[in-house]
Amino acid sequence: MITLTRTGAAENVALITLNRPTALNALCRQLMQELSETLLKVEHDSTYNVIVLTGSEKAFAAGADIKEMAKLEFADVFQKDDFFANWDTLYHIAKPVIAAVNGFALGGGTELALMCDIIYAGENAVFGQPEVSIGTIPGLGGTQRWPRFTNKSIAMEICLTGDRISAHDAKEVGLVSKVFPTQQLVAEAVILADRIAKNSPLIVKTVKKSVGTAYETSLNQGLEVEKHLFQSTFATNDRREGMSAFSEKRAAKWSGN
Ligand SMILES: C/C=C/C(=O)SCCNC(=O)CCNC(=O)[C@H](O)C(C)(C)COP(=O)(O)OP(=O)(O)OC[C@H]1O[C@@H](n2cnc3c(N)ncnc32)[C@H](O)[C@@H]1OP(=O)(O)O
């Protein structure tokens, strides 16, 4: 249900594709287990620097698997076994993750994209949180990340109505950073991944940690974390190399330490 392809100019971009076409990439347990395993494999393989997560042209993911969920009771999801085990692996990956979203990204599909660091959308992308229309609520971060990434009014409207929004509307409200023709989307996401992958993986990881802190703390706490992370780069060879290379007018050669 998941394919992993090595790509990018330097072959250091992991293209992870959700591949369950018969159910529009609905996020069943097996798919999420495989996704989690693939993400951890890439995370621990130093030959990969950046991850691009995508689906098909028709669907990034049509949400959690409703047919699987329909059989569950409260005790199943709360106590007996954690229905969301492994679902947030994506959010804890230290390497940058770019979501390349074409087609339906509904419910858990939108929430999966919201766990990524950057969202690029194809012109046919559709985002939304339709859980309210099937008697439940977003459970993978939708009610928390929409207000942080857009604003309260947009978040409430999306989550209370279940309405879908287009790629261009998603860009307008700040959910996605760029919109591309559907067929170019993945290539554009890989070009972006290449630009990130040209930098030191060590420093890229530090940048991700610092920006991510802005969504977890107060401004003052975040500024304190940023200051310490900035200072910590002065203990790295890559910081020395980057500044020397600038002065010597040459390309930096990163050692990753
Ligand atoms: C914490 C997270 C919670 C959640 O995420 S709750 C789920 C939120 N998502 C949704 O409510 C969306 C459900 N899906 C749909 O509304 C529609 O699909 C679409 C609008 C996305 C596409 O409609 P169309 O193009 O007509 O395709 P089709 O015939 O409905 O779907 C093709 C096959 O895919 C299965 N499928 C689609 N979405 C899901 C899903 N979320 N869970 C389980 N199966 C799904 C269908 O049932 C069907 O299968 P078959 O051909 O066997 O009838």
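**Reading the sheet and a helix**

Tutor: Six strands make up an open sheet of mixed pairing, ordered β1-β2-β3-β5-β7-β10. The edges are held by β1 (2-7) and β10 (178-180); each has a single partner strand, so one side of each lacks a neighbour in the sheet. From one strand to the next the twist averages 25°. Please note that this is a predicted model.

Student: In which sense do β1 and strand β2 pair, and over how many bridges?

Tutor: In general, strands of a sheet pair through backbone hydrogen bonds, in either a parallel or an antiparallel sense. Here β1 and β2 (residues 13-18) are antiparallel, with six bridges. Arginine 6 lies opposite alanine 14 of β2.

Student: Is threonine 17 buried or exposed?

Tutor: Threonine 17, a residue of strand β2, has a relative accessibility of 16% and therefore counts as buried, the cut-off being under 20%. Apart from neighbours within four places in sequence, threonine 17 contacts Met1, Ile2, Thr3, Thr54 and Gly55.

Student: Which residues are buried in helix α11, and why are they on the same side?

Tutor: An α-helix has 3.6 residues a turn, so residues three or four places apart point the same way. In α11 (residues 237-247), the residues Asp238, Arg239, Glu241 and Ala245 are buried. Their arc around the axis is only 165°, which places them on the same side of α11. Among the elements covering these buried residues is α9 (201-213).

Student: What follows α11?

Tutor: Lysine 249 follows α11, and its phi is positive, near 55°.

Definitions and conventions:
Residues are numbered from 1 along each chain as its sequence is written. This is a predicted model: local features need pLDDT of at least 70, side-chain atom pairs count only at pLDDT 80 or more; totals for chains, interfaces and linings use all residues. Side-chain values use heavy atoms; hydrogens and water are left out. Two strands pair if DSSP finds at least two bridges between them. Helices (H or I, at least four residues) and strands (E, at least two) are DSSP runs, numbered from the N terminus. Axes are lines fitted to C-alpha atoms, for helices over the stretch in contact, and angles run from 0 to 180 degrees between N-to-C directions. Buried means under 20% relative accessible area, exposed over 50%, partly exposed in between (1.4 Å probe, protein chains only). The arc is that of the directions from the helix axis to the C-beta atoms. Contact means heavy atoms within 4.5 Å.
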